[in-house]
Amino acid sequence: MQSVPIFPAGITKKQVESTSSTVLPTGTICLFACYVPDGNIPLHTRFYLKNLLSCGVVLHIILSGAETIHESTQKFCNNHGIQAWTRPNGGLDFGAWQFLLQKGLVEDAPYILFANDSVFGPFTSLPPLLKKLKANQRPAWGLVASRAITPHLQSWFIGLSQAAFRAPSVQHVLTLPFAEMSRDEIIWHGELGLSVALKAANIPLHAAWSDLDRPLARFFPANPMHTHWRDMVQTETVPFLKQEVLRDNPFSIPHLEDWRTLIPTENGFQPEWIEAYLRQHPSRPLTQHPTWKGRAVYALMNQWDRMKWRKDRRRGTAR
């Protein structure tokens with residue numbers, strides 16, 4: 001795949017598509033994918049959904065794997081003006097988003113936000129974060145950019161303007177037969193392919209956090225949500241934790257217990273929600289086992305991340 005430049009928020013020349021000073025333009029649609037076979041959205045996901053609503057989006061959630069919507073979830077959605085859908089599981093998040101796109105929900109939306117339930121958080125308010133990112137002025141943006149395989153925006157939180165969404169190369173990606181693909185194929189053609197498609201359409205990408213300016217990442221590209229999670233949360237740059245890290249820990253990184261200290265007490269997120277999730281969802285078997293080199297690189301990056309975090313805590317600059 002060809003290389004895709006990613007620009008960290010705050011240092012990039014402004015790309016103006018809207019002059020609005022709001023977080024996101026009125027009519028912005030959020031398509032939220034979640035896997036809940038019992039049809040009941042857990043408390044930590046409900047917290048996330050309410051935070052998304054605070055950004056002014058019209059929220060559609062797709063409950064993959066569910067035949068019916070649990071009474072508690074339906075009541076929650078009704079109370080908060082959320083439209084809930086069900087569908088058979090298949091195609092992962094891109095399959096879920098594709099299901100909603102086929103309903104014609106985003107035809108007139110100025111922006112489309114694609115998000116999913118693979119994270120815990122947010123641990124700080126989302127509107128200031130999106131304002132800093134200038135999400136209402138840029139054609140394509142996300143929270144995290146990674147060099148792994150090819151520079152790309154991580155697909156668990158990506159926003160596209162209507163013009164970017166309509167680009168032929170982007171439409172090609174979003175109409176691929178994801179239900180027929182394996183997980184690895186979906187990552188390759190969906191997550192990575194989307195950023196390549198945007199680049200092919202000459203659409204610049206912006207991220208709240210990017211590892212492009214980090215020398216080590218040039219030689220050892222890694223998933224920053226696995227290697228810099230303490231720094232992301234404590235600086236409030238990306239106030240989320242990836243469930244995969246705490247549940248599976250695929251690279252066997254040490255000191256995962258640090259997550260409990262990272263979560264602030266004043267924003268309403270309850271650490272007990274994470275503990276309940278981890279009790280109910282045991283570690284998943286790895287489809288690919290990392291090499292000793294990969295484990296060593298991730299361990300080294302985590303050690304640096306932890307040293308910085310502890311140093312900042314001692315200085316009183318972290319929570």
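Which residue forms a salt bridge with Asp-231? Select Lys-308: its closest N atom and the closest O atom of Asp-231 are 3.0 Å apart, where a salt bridge is a side-chain nitrogen of Lys or Arg within 4 Å of a carboxyl oxygen of Asp or Glu. The model is predicted: local features need pLDDT of at least 70, side-chain atom pairs count only at pLDDT 80 or more, and totals for chains, interfaces and linings use all residues. Residues are numbered from 1 along each chain as its sequence is written, and side-chain values use heavy atoms, with hydrogens and water left out.

**Helices H10 and H14**

Lys-308 lies in helix H14 and Asp-231 in helix H10, so this pair ties together parts that are 77 residues apart in sequence. Helices (H or I, at least four residues) and strands (E, at least two) are DSSP runs, numbered from the N terminus. Lys-308 is partly exposed at 38% relative accessibility, whereas Asp-231 is buried at 8%; buried means under 20% relative accessible area, exposed over 50%, and partly exposed in between (1.4 Å probe, protein chains only).

Next, select Arg-230 and Asp-305, whose side chains meet in a salt bridge (3.3 Å, N to O). Arg-230 is in helix H10 (residues 229-234) and Asp-305 in helix H14, so the pair joins parts 75 residues apart in sequence. Arg-230 is buried at 0% relative accessibility, and Asp-305 is buried at 4%.

Arg-306 belongs to helix H14 (residues 292-315) and is buried at 12% relative accessibility. Beyond its neighbours within four places in sequence, Arg-306 is in contact (heavy atoms within 4.5 Å) with Arg-230, His-255 and Asp-258.

Remain on H14 and select Trp-304, which is partly exposed with a relative accessible area of 46%. Leu-300, Trp-304 and Met-307 make a nonpolar surface patch of about 320 Å². Patches consist of residues with over 30% relative accessible area and no salt bridge, with like charges joined within 9 Å and nonpolar side chains (Val, Leu, Ile, Met, Phe, Trp, Tyr) within 5 Å; accessible areas come from the Shrake-Rupley method with a 1.4 Å probe, and for residues only the protein chains shown count as cover.

**The nonpolar cores**

Now select Phe-32, Leu-52, Ile-61 and Phe-157, which touch the most other members of the largest nonpolar core, a set of 40 residues. Such a core is a set of buried Ala, Val, Leu, Ile, Met, Phe, Trp, Tyr and Cys residues joined through side-chain atoms within 4.5 Å. Elements that each supply at least two residues include strand S2 (29-35), helix H1 (43-53) and helix H4 (126-133). H4 gives the most, with four residues. A second, separate core of 34 residues includes Ala-96, Trp-97, Ala-145 and Leu-205.

**Strands S7 and S10**

Strands S7 and S10 pair in the parallel sense over four bridges; pairing requires that DSSP finds at least two bridges between two strands. Select Val-144 to find its bridge partner in S10, Trp-209. Six of the six residues of S10 are buried, so this strand is largely enclosed by the rest of the structure.

**Helix H3 and Pro-177**

Helix H3 (residues 92-101) has seven of its 10 residues buried, among them Trp-97 and Gln-98. From Gln-98, turn to Pro-177: the two are 79 residues apart in sequence and 9.3 Å apart in space, C-alpha to C-alpha. Pro-177 is in the loop between helix H6 (168-174) and helix H7 (183-200).
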